[in-house]
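I want to see who is bonded to whom.

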Amino acid sequence: PAGYFCPARTVNPVACGSVALFCPENSTIVQPASSGYYTSPATEEATTTRTSQTICEVGFACVGGVKTRCDGPGQYADERGLATCKTAPAGSKPTLDRQNTIMCSPG
């Protein structure tokens with residue numbers, strides 16, 4: 001079943017193992033999440049049985065199968081698929097949605 005894999009010469013499926021891994025239906029090996037992607041379904045119940053990966057949305061960074069909002073000081077993400085948040089350049093700050101930057105007000 002999806003979220004599990006069946007190694008060669010086994011009958012019983014094995015859970016994928018962590019949020020950093022996913023197993024589509026009929027998997028014989030686990031797949032690591034690509035940089036800039038998170039695994040899903042992203043629920044508390046499915047931490048060891050993820051079935052797919054999804055590209056990280058704007059405003060977030062994804063590494064190890066985990067999606068994290070870019071909400072640290074000066075952080076933003078203006079494109080999909082980032083593994084790390086960007087830092088706003090001098091004289092600017094992130095927008096409230098953390099999807100872009102705007103110039104700081106003088107003074």
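Before anything else, a cut-off I need: buried means under 20% relative accessible area, exposed means over 50%, and partly exposed is in between. I also keep in mind that this is a predicted model.

**Entry 1: disulfides.** I searched the whole structure and got 3 disulfides. Counting bonded cysteines along the chain, I read the pattern as 1-2, 3-4, 5-6.

**Entry 2: Cys-16 and Cys-23.** I looked at this pair and found the sulfur atoms 1.7 Å apart, in a disulfide. Buried or exposed, I asked of Cys-23? Cys-23 has 0% relative accessibility, so I put it down as buried. Cys-16 goes down as buried too, at 5%.

**Entry 3: Cys-56 and Cys-62.** I found a disulfide here as well, S to S 2.1 Å. I looked up the angle about the S-S bond, and it is 75 degrees, a right-handed link. Cys-56 is at 0% relative accessibility and counts as buried; Cys-62 is likewise buried, at 0%.

**Entry 4: Cys-70 and Cys-85.** These two form a disulfide with their sulfur atoms 2.1 Å apart. Where in the chain do Cys-70 and Cys-85 sit? I traced Cys-70 to the loop between strand 8 (66-69) and strand 9 (75-76), and Cys-85 to the loop between strand 9 and strand 10 (86-87). They are 15 residues apart, and the pair links distant parts of the chain. Which hand does the bond of Cys-70 and Cys-85 have? Its torsion is about -90 degrees, so I wrote left-handed. The two ends have their own burial notes: Cys-70 is buried at 0% relative accessibility, while Cys-85 is partly exposed at 22%.

**Entry 5: cysteines without a partner.** I checked Cys-6 and found it in no disulfide, with the nearest cysteine sulfur, that of Cys-23, 9.4 Å away. Cys-6 is partly exposed, at 27% relative accessibility. I noted Cys-104 as partly exposed, with a relative accessible area of 37%.

**Entry 6: rings.** I ran the aromatic pair search over the whole structure and it came back with 0. Then I looked for charges over rings. The charged end of Lys-67 sits over the ring of Tyr-38, 4.8 Å from its centre. I also found the charged end of Lys-67 over the ring of Phe-60, again 4.8 Å from the ring centre.

Notes. Residues are numbered from 1 along each chain as its sequence is written. This is a predicted model: local features need pLDDT of at least 70, side-chain atom pairs count only at pLDDT 80 or more; totals for chains, interfaces and linings use all residues. Side-chain values use heavy atoms; hydrogens and water are left out. Rings of Phe, Tyr and Trp (its six-membered ring) pair if their centres lie within 6.5 Å; planes under 30 degrees apart count as stacked, over 60 as edge-to-face and the rest as tilted. A charge sits over a ring if NZ of Lys or CZ of Arg is within 6 Å of the ring centre and within 35 degrees of the ring normal. A disulfide is a pair of cysteine sulfur atoms within 2.5 Å. Buried means under 20% relative accessible area, exposed over 50%, partly exposed in between (1.4 Å probe, protein chains only). Helices (H or I, at least four residues) and strands (E, at least two) are DSSP runs, numbered from the N terminus.
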